Amino acid sequence: MLRQLGVDNIRAVGVNDRVLQLIAEGNFDILLLGHNGSDVLTGVQILEEARYRGFIKASACWVFMTSDASQELVLHAIDSHPDMLLTKPFTIEDLKYRLDTLVRRKDLLRPVDTAVEAGDLETAIALCRDLVSRQDPLYETVQQVRGRLLIKAGRYDEAKALFENRFWQSQDKEAGFHLAEALAGLSRVRDAIEVLQGLVAQYPLLIAAYDLLATLHERLGEVDVARDVLQEATARSPLGIPRQMALGRVATQTRSLDTAEGAYRKSIQLGQRSVYRSPEPYLRLANVHRLALQDADERQRGALQEAFDRALNQASFNFPRDERCKIQSALLRGQLLRDKGDESGAERCEREAEHINSQLETPLDLKREGLLLSADPVPMLEPAPPAPPAPPEPANPGKRDSAMSEKVNRLGVKHYMASKTSQAFRYFGLAIEYDPANPFALLNLAQLYLELARDSENKRKERLRMFDRYLRLTSQLPLQEPALSRQRQLLALRHQPLAALPGGCLAPLLG
């Protein structure tokens, strides 16, 4: 169909383990993503992981295609925010109309998206003001983008004014949802809740509204209500692991242990082939069994103790190299022993957790970990420590944070040394978002593109262009040693034939 429409530059890729790497490294304008539930790696899993890893650029068009129009799948795909969802079968006329509309919108917003990708929110917001006239059919779309950027930038008063006007005039559900976000940002939580309650009554499949509603009720200490909202959301859209985990957490806090157990078991099942796969649901499930033991009679105790041990053993078996999992398992065993009155055993487990924790590059706050595992409320304003595997996102992309940039760059180096190229790209790019003048992050990206150009003829010209771009950016900085030496080395390598470059990893140049 695409060739009939005159599209020639097409890369057709079957389902394989390199799809995500191709997405991360490529510079595609449009990605049409098929879904087949019987594939080892399904379309919705690719979409979910691409969003999670930050591979979905604002300027690219993501089209999710499926013949499975079930509510469960469609709502799960929507969680990852594709630009368009196409249900099969569709005609070439359908495809042309939908792509023409999407491409026109993306072309119009390209300067805005480019500013967003560069971390310059203020420029992106300013561009939205004069992008189109009020008579243009895309005027409302541009204003909605502007409003979302205002929320992201923390300019809640302006966002509220924009979305309030749109919502009360048209009752548009997207405007209503963003109005609630702005009200919450202004600490007008009750007003935000009122808007969201109206939305879910009128649009029962607007699952994002349930998520925010539950968060706001929990923020007010209304955990029972938050649990009920999440139960309704997971009943309508059961395939999202973060939502199931949130239900398990608040259900544990309200001692609705059967509900919590079901949510964690569902998370384990869904996580078998998901980017959200982690030891956390096993550990939380073990804690549910620990809590159940406190009120169990003699007949039930043996089975619950076995279930507790089994959950921790499964976590250790499935994640043998996860040091945080080992720490959390030791803390949970200590809590169970303390419940039984075995103080010496509990202290032994806590010492084990402290020993493992002392070996970490970034030690955990063990007191906080214990509170999180036991599902005891953690103060909302308490800063959370870094939590792998997701890299931290800039709290304010328009403001530089050199310390965080250096930290994220070091994480990128670790992934690079472990041959995890796509993750290294993500971390180095994020380091530049935190500080566009970080010379080592720029040099690291240049080096990665040079390696990729050397190792594959495919897209060699484009990768060398990206190498030149990042090296050119370093030339605009007042470099000092050792960055200056690295820049010279990379320039010297660039002027050699690619075949003459040293084979393997160029890691000795990394700083």
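Which helix does Glu350 lie in? I looked it up: Glu350 is in helix H17, residues 343–358 (helices are DSSP runs of H or I with at least four residues, strands are E runs of at least two, both numbered from the N terminus).

Notes on the model. It is a predicted one, so I keep in mind that local features need pLDDT of at least 70 and side-chain atom pairs count only at pLDDT 80 or more, while totals for chains, interfaces and linings use all residues. Residues are numbered from 1 along each chain as its sequence is written, and side-chain values use heavy atoms, with hydrogens and water left out.

Back to Glu350. Its relative accessible area is 26%, so Glu350 is partly exposed (buried is under 20%, exposed over 50%, partly exposed in between, with a 1.4 Å probe and protein chains only). I also checked Glu350 against Arg227: they sit 123 residues apart along the chain, with 31 Å between their C-alpha atoms.

Strand E2 next. I find six of the six E2 residues buried. Cys61, Val63 and Met65 point one way, Trp62, Phe64 and Thr66 the other. E2 runs parallel to E1, with six bridges joining them (pairing takes at least two DSSP bridges). Gly34 has Met65 of E2 as its bridge partner.

Cores. The largest nonpolar core has 50 residues, and Leu199 is one of those touching the most other members (a core is a set of buried Ala, Val, Leu, Ile, Met, Phe, Trp, Tyr and Cys joined through side-chain atoms within 4.5 Å). Another core lies apart from it, with 33 residues, including Leu257 and Phe308. Leaving out residues up to four places away in sequence, Leu199 touches Phe167, Lys173, Gly176, Phe177 and Leu206 (contact means heavy atoms within 4.5 Å).

Holes. On a 1 Å grid over the protein atoms alone, a cavity is a set of points where a 1.4 Å probe fits but cannot get out; a pocket is an open set with protein on both sides within 12 Å along at least five of seven lines; lining residues have an atom within 4 Å of a point. Volume is the space filled by probe spheres set on the points, which are joined across faces, edges and corners. Trp62 and Lys57 are among the residues lining the largest cavity.

The second largest pocket is about 1100 Å³. Its lining has 39 residues, with Ile10, Arg11, Ile30, Leu31 and Leu32 nearest the centre.
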